[in-house]
Amino acid sequence: MKKQILALSLGLMTIGVSAQKNELKVAEKALKKNDIATARTAIQSIESMEGSMEDKYKGKYYFLKGQVYGKTDVKKAVEAYNNLFDFEKATRKSRYTSEAKNKVIELTQFVSQKALKAYNETKDYKTATENFYLTYQLSPSDTTFLYNAAVSASLQKDYDSSLAYYNKLQELGYTGVTMQYMATNKETGVKENLGGKTQRDLMVKSGDYIAPEDVPTKSRQADIVKNIGYILIAQGKTDEAIVAIKKARENDPKDLNLILNEAQLYIQLKDMQKFGTLMKEAIELDPNNPTLFFNLGVVNQNEGKKEEAIGYYKKAIELDPEYGDAYMNLAVAILSGEQAIVDEMNENLSNFKKYDELQGKQKELYREALPFLEKADSISRSEDTVKSLLNIYDILRMEEKADALRPIYKKMRGM
């Protein structure tokens, strides 16, 4: 009886091996004829035997399987090609690896384009995330696709996936820094990114460009830390968010971007006192950065510290005379003193002398704020700047300026 069972088992194994060989031949011939449906049926019929497949068939099986699924089921194609690379590396064979790599390049381009279209055009962040990650799986050295998957997943509010991708980037030591090969256009005087080094050097050699320069892009490490913090906050994990960013700062306590990202974290947590402290720390490292002083102005203004806010806005303007938002906020800070005057005017409606005196103070306040508001409008005109100017012109009876601005305001409002 035992011999009969053994004979039966061997018979079944022989049938299985024969089926594998035959179906692989069918799939191979069908692919040569571009008959994908027949090839897929053949491969699917032996997929259940994958674990017990003889080594002599495995390389061809993985190679054909990758082609069969290709663009119609990229996940399975990725898995098949990766299995092929691992198998041939382990067995020190390379019969299919070279050709498979070309197939992977084609598939990578297809998937990456699909991801970019979903991200940029249709805003389908779920599809974008899946395909950015698939691109990374197809080409693990291109870690930028893993970064794109993390960003896209966050936009989709798939925070678990986004966090996993960001953590993987940190494990890999990803910086996102690339080299830009710059040169100055001799005719226009504008510095341009000319793509690759060879192309740039040829353009310089032609005489059309001068002053070649290799410029690295900004590191994305600080942004990754910031985004991890934001995700943890969105998940209600405030303590973990603080720990994550403080841990990053321990490695580089003088990194300005990390300080600013920690400051942004405290804005999310509505802890403006801690935000202000960090901004002061940032100013010590970068005392000529107008944005830092502007942000301190906002913090102090929100805390009702009018004079301090005005001082910071003026410092921002001193460093950047074309800082439109600083002029606007400076005007708003000055005018914040109006409410106290109006309240006192309402209390003295029957005291004409006092009322007129207070009204004079109100107009002086408008005159003080006006030049800053006009400057903000000249730098970046908006409906708010025009509306505010019209209000002041009318109160101060500056009729000529008001009349010139009124039709502009009506046009902006679509009246």
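Reader: Which residues of α5 are buried?
Author: In this predicted model, the buried residues of α5 are Thr97, Ala100, Val104, Leu107, Thr108, Val111, Ser112, Ala115 and Ala118.

Reader: What happens just after α5?
Author: Lys123 follows, and it takes a positive phi of about 60 degrees.

Reader: Switching to α2 and α3. At what angle do they pack?
Author: About 135 degrees, with the axes of α2 (residues 36–46) and α3 (residues 55–69) 9 Å apart. That angle makes α2 oblique to α3.

Reader: Left-handed or right-handed crossing?
Author: α2 passes α3 in a left-handed crossing.

Reader: Which residues make the contact?
Author: On the α2 side they are Ile36, Ala39, Arg40, Ile43, Gln44 and Ile46. On the α3 side they are Tyr61, Leu64, Lys65, Val68 and Tyr69.

Reader: How does that contact split by class?
Author: The contact of α2 with α3 has 8 nonpolar, 1 polar and 2 charged residues.

Reader: Now α10 and α12. How do their axes cross?
Author: At roughly 15 degrees, and the axes of α10 (residues 221–234) and α12 (residues 256–268) come within 9 Å. An angle under 35 degrees counts as roughly parallel, so α10 and α12 are roughly parallel to each other. The crossing of α10 past α12 is right-handed.

Reader: Which residues meet there?
Author: From α10, Ala222, Asp223, Val225, Lys226, Gly229, Tyr230 and Ile233. From α12, they meet Asn257, Leu258, Asn261, Gln264, Leu265 and Gln268. By class, this contact of α10 with α12 has 6 nonpolar, 5 polar and 2 charged residues.

Reader: Take Asn261, in α12. Buried or exposed?
Author: Asn261 has 8% relative accessibility, so it counts as buried.

Reader: What is Asn261 in contact with, leaving aside its neighbours within four places in sequence?
Author: With those set aside, Asn261 is in contact with Ala222, Asp223, Lys226 and Ile245. Ala222, Asp223 and Lys226 are among the α10 residues that meet α12.

Reader: And where is Arg249 relative to Asn261?
Author: Arg249 is 12 residues from Asn261 along the chain, and their C-alpha atoms are separated by 10.0 Å.

Methods: Residues are numbered from 1 along each chain as its sequence is written. This is a predicted model: local features need pLDDT of at least 70, side-chain atom pairs count only at pLDDT 80 or more; totals for chains, interfaces and linings use all residues. Side-chain values use heavy atoms; hydrogens and water are left out. Axes are lines fitted to C-alpha atoms, for helices over the stretch in contact, and angles run from 0 to 180 degrees between N-to-C directions. Helices (H or I, at least four residues) and strands (E, at least two) are DSSP runs, numbered from the N terminus. Angles under 35 degrees count as roughly parallel, over 145 as roughly antiparallel, 65 to 115 as roughly perpendicular and the rest as oblique. A crossing is left-handed if the near helix is turned anticlockwise from the far one by less than a right angle, and right-handed if clockwise. Contact means heavy atoms within 4.5 Å. Ala, Val, Leu, Ile, Met, Phe, Trp, Tyr, Cys and Pro count as nonpolar, Asp, Glu, Lys and Arg as charged, and the others, Gly among them, as polar. Buried means under 20% relative accessible area, exposed over 50%, partly exposed in between (1.4 Å probe, protein chains only).
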